[in-house]
Amino acid sequence: MADILKSTPVREQDPAERARNFEEVCYGYNQEEAMDEATRCLNCKNARCIQGCPVSINIPGFVMKVKDGDIKGAYDVISESSALPAVCGRVCPQESQCEAKCVRGIKGDAVSIGKLERFVADYALKNNINPKTPENKNGHKVAVIGSGPAGLTCAGDLAKMGYEVTVFEALHELGGVLVYGIPEFRLPKQKVVQKEIDKVKSLGVKFETNVVIGKSTTIDQLMEEEGFEAVFIGSGAGLPMFMGIPGETANGVFSANEYLTRSNLMKAFDDSYDTPISAGKKVAVVGGGNVAMDAARTALRLGAEVHVVYRRSEEELPARVEEVHHAKEEGIIFDLLTNPTEILVDDKGWVKGMSCIRMELGEPDASGRRRPVEIPGSEFEIELDTVIMSLGTSPNPLIASTTTGLETNRRKCIVADEENGATSKALVYAGGDAVTGAATVILAMGAGRAGAKGIDEALSGK
Amino acid sequence: MYKIVKAEKLADLIYLMDVEAPRVARHCQPGQFVIVKIDEKGERIPLTICDYDREAGTVTIVLQTVGASTERMASLKEGDYFRDFVGPLGVASEFVHEDLEELKKKKILFVGGGVGAAPVYPQVKWLKEQGVDVDVDVIIGSKTKDMLILQDEMKAVAGNYYPCTDDGSYGHSGMVTTKIEALVNEGKKYDVCVAIGPMIMMKFVCLLTKKLEIPTIVSMNPIMVDGTGMCGACRLHVGDEVKFACVDGPEFDGHLVDFDESMQRQALYKTQEGRAMLKLKEGDTHHGGCGNCGGDE
């Protein structure tokens, strides 16, 4: 270890190379690198990193095992708190969670907790180390709606407690945003997501795909006709928002959800799959979140010149720092302090450009971020053939509107208790983006865990 | 996996299949659709529900081969399986929720174009089952006699059945619009018209019924991916509002739909679709272009 203040660098695919493929960008640590990095952990007695983790993984606990080379032991420690460590180690915004609190970070680099978690989880995937299966079934039947991070965690936790769990998923693949939203180059589907889901299956959880709750059946019917005693709703926030500016229904304008679903879930980037994608030659992605980065980097890999158009400055970009960094390395162009006012359309109905206006930052708004204000007279046009709108998503109203007595707030989010996921309807629990609006994978997992606890308390009469 | 329990060719390019899908069969209503995916590499294709048997747990779909995917689907036989079959999706036809006594007073005109006869059928059948058969008129148009589908089924449930063929080989000679005009000129009055078929047909029916002041419902068939409201591929203008056909529709007030925009959006993947068709037809001999230039790479 040359410099104790610096974290062990992680190997990555070369930017020029990876901008043309969908292979994973970050290779992760090998055991030697991981053990090296683990020695940087001070094993704090009052570990602040644990407070920064939404599911409170015993971080020094597992890092010390890594340091000693006991990787299976490290996996067992993580498994006590997290069902999807290979996923979270890759996609959590650690810089604002566990790593933000790391004492090492005060002077120098924080310990690379995410990369260490990823190493441990990948080791467990490679060596078929599974979580412990439940010894006894308790005979209670629970339905989980949605197979995203919240639903998978809730289902896994309940199965470990002995519940008979069935997960209902509307799409044809399991994983929610892990399969349709986050691209292959950040989160490999076969190698990671599928295997993590298999671990949940190994706990005895049943899965039923192609079931749209509210259409194929309802929560009331699941409880009244199919014998489910409790239900956990983890249906996410999948409804895309558009700007409401002229030209948004033109050919070549996509929601990031559509673009990413075509590429990730339907594998449109692979010629042997039937679903087409209109890749575009010059693409603008409107927005600055992780989804915007994913859409931009996908379009780049499909061969386009890509601009990220964002109305605030770089400092306010909501995307993970690592992803913005990766995007820049790959050649994504950032048009900051810029806001679209109209999408320009040719006489055949196709996008030909976008009118934009320059912005400056004014006073902080309710969210604490400085509010962007238009600079009068700064309008300009850019030539484009594709626009991807990545302005955020909101919960799909389908479940709330077809379940009697389920309260929602004005943002269409289901109202649920943070501690145990309880909703306004008896024995119905909810968590994740369906409750909070679009947030992070790890928060959804935390909510899934809370929901499982709430359901267990209700059904076991604790 | 969803078993195909019956597969039948109805006409040139048009195929009917009964598929085992108990959850869909138990809950579907007229006006709703399903999304079907053949296999691992297939795309998700929306198809309107043509009929259903709640007891047997089967759903009937009718598809017309228009491209590589439907061509592949049409080749499936009885006993084969669809990998995915999800639904029912979309909202049911408005009349399903109407007061039955009020509904019985109405004179309803159904207009189906080509394979659009298939989604018209469950609606007329539903009305017949509720005892609303008296004044349900059905006009079905097609290019030629051999392309008319579900004739016997339609005759059994419609008040009056009026087949039309473009080439005059059977029934009324001409477009469905000329038949609508003829019926109105005979003194027929309609409270509502339901038109389902190619967008161009629905557009012209709407232009006519607007003039005739008959409120008209159309069933839109835009490009879809998930069919559950999460992507907006199927968005369209209805009046000043942008709607998602998969969750807000597929049925809308035809006099408010922007058909020209919707038709333009249907052409979005024309190049890719053409290429896929070529690839399927040419099989191993496919080179991705004319064969000499190496395609457009």
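Me: How many salt bridges are there between chain B and chain A?

Reply: First, the ground rules. This is a predicted model, where local features need pLDDT of at least 70 and side-chain atom pairs count only at pLDDT 80 or more, while totals for chains, interfaces and linings use all residues. Residues are numbered from 1 along each chain as its sequence is written, chains are lettered from A and ligands numbered from 1 in the order in which they are written, and side-chain values use heavy atoms, leaving out hydrogens and water. A salt bridge is a side-chain nitrogen of Lys or Arg within 4 Å of a carboxyl oxygen of Asp or Glu. Between chain B and chain A the count is 4. One of them pairs B:Arg83 with A:Glu173, with the closest N and O atoms 3.6 Å apart.

Me: How much area do chain B and chain A bury between them?

Reply: Buried area is the accessible area (1.4 Å probe) that two parts lose on being put together, summed over both. Here that comes to about 3,600 Å², 50% of it on carbon and sulfur atoms. On the chain B side, B:Arg23, B:Lys41 and B:Met230 supply 20% of the area buried against chain A, more than any other three residues.

Me: And how many residues does the contact take from each of these chains?

Reply: Contact means heavy atoms within 4.5 Å. By that rule, chain B gives 43 residues and chain A gives 46.

Me: Now inside chain A: which domains is it divided into?

Reply: Domain bounds come from an automatic or database domain assignment. For chain A you get domain 1 (15-126), domain 2 (141-238 + 394-460) and domain 3 (242-391). The C-alpha centres of domain 2 and domain 3 of chain A lie 30 Å apart, and their contact takes 13 residues from each of these two domains.

Me: How much do domain 2 and domain 3 of chain A bury between them, and which three residues of domain 2 supply 52% of its share?

Reply: About 1,100 Å², 58% of it on carbon and sulfur atoms.

Me: Which residue forms a salt bridge with A:Arg186?

Reply: That's A:Glu323, with the closest N and O atoms 3.7 Å apart. Across the interface of domain 2 and domain 3 of chain A, the rule finds 2 salt bridges.
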